[in-house]
Amino acid sequence: MVQTLSLCRNITDPLVHHGHHFSRTVHALSDVPEENFTVEERCEHCIFQELLRSVLGLEECLMAGSEEEVDIVSELLSKGTSGARGNDTKSLKGAVLDWITPREQSLVPPLACALLCPAGLDWSNPEIKAKLWNGEIVISGDQWPLFLYADYQYDSEDPWNSLFCSAPLVSAYKHVFTSPSSVDKEPKATCSVTPSSITYIATQVQFLLMSSPVFSHMDTVTDSEWFYNSLLELFEDPDEKQEVDELLVWWNR
């Protein structure tokens, strides 16, 4: 691999494919770390270790390669991760609107806003609706929207009830991980659903319901990185293990 790195910067390379897969199933909003990560960056280090396990021969390649070759590896993997996000965003954009539009009806603009309303806020309340519209109520990335819940119903007594089980999430997941044509069919998945892949799809859907034209984890409109990380933190919380395990059983069925 080391000998060919200098020749493959601008052509299709297996590392780009690995970057695609890594973005969708491990971590979507992390730049591929290089040699200069610190002890404090523990989260990034764990992601990097997962990357080394995912790509056969990558660790040996990085250890034996020159600084320039290591840079090329990072560039190719980053090209794959950003390419996956961009391709999926473009592919899902029209599809998500179709899924949330009532059959034989035109899409009413407030519908997407209603699905983005934070769980626990009453969208039917005119005062709350007006404050959301004019920006008086600002939605941060750790305020999870109603579209995460089946039938967009939030149960304040049981916040886990139907969480991550909404129809748009399932359809978007099948669209990306099996095929667009599988959305209305029983999927024939070849691998298990993971918390990271659910998080990735939820972040894609959240972005597509917003008005921002470009997917970027640095933007301040969709707060995508905060939203993405808040979902991962829930999945990784030991106190939530039973609920997470039950959710994965549901998804893998």
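This is a predicted model: local features need pLDDT of at least 70, side-chain atom pairs count only at pLDDT 80 or more; totals for chains, interfaces and linings use all residues.

Reader: OK, and how far apart are the end C-alpha atoms of α4?

Author: They are 48 Å apart. At 1.5 Å a residue, the 34 residues of α4 should span 50 Å, so the two values agree.

Reader: At what angle do α4 and α7 cross?

Author: Roughly 145°, and the axes of α4 (residues 67–100) and α7 (residues 167–177) come within 10 Å. The crossing of α4 past α7 is right-handed.

Reader: Which residues make that contact?

Author: From α4 you have D88, S91, L92, A95, W99 and I100, and from α7 there are P168, S171, A172, H175 and V176. By class, the α4 contact with α7 has seven nonpolar, three polar and one charged residues.

Reader: Switching topic: how do α8 and α9 pack?

Author: Helix α8 (residues 195–208) and helix α9 (residues 224–236) pack at an angle of about 150°, and their axes are 10 Å apart. That angle is why α8 counts as roughly antiparallel to α9.

Reader: Right-handed or left-handed, that crossing of α8 past α9?

Author: Right-handed for α8 passing α9.

Reader: And which residues meet there?

Author: On the α8 side, P195, S196, I198, T199, Y200, A202, T203 and Q206; they meet S224, F227, Y228, L231, L232 and F235 of α9.

Terms used:
Residues are numbered from 1 along each chain as its sequence is written. Side-chain values use heavy atoms; hydrogens and water are left out. Axes are lines fitted to C-alpha atoms, for helices over the stretch in contact, and angles run from 0 to 180 degrees between N-to-C directions. Helices (H or I, at least four residues) and strands (E, at least two) are DSSP runs, numbered from the N terminus. A crossing is left-handed if the near helix is turned anticlockwise from the far one by less than a right angle, and right-handed if clockwise. Contact means heavy atoms within 4.5 Å. Ala, Val, Leu, Ile, Met, Phe, Trp, Tyr, Cys and Pro count as nonpolar, Asp, Glu, Lys and Arg as charged, and the others, Gly among them, as polar. Angles under 35 degrees count as roughly parallel, over 145 as roughly antiparallel, 65 to 115 as roughly perpendicular and the rest as oblique. The expected span of a helix is 1.5 Å times one less than its number of residues.
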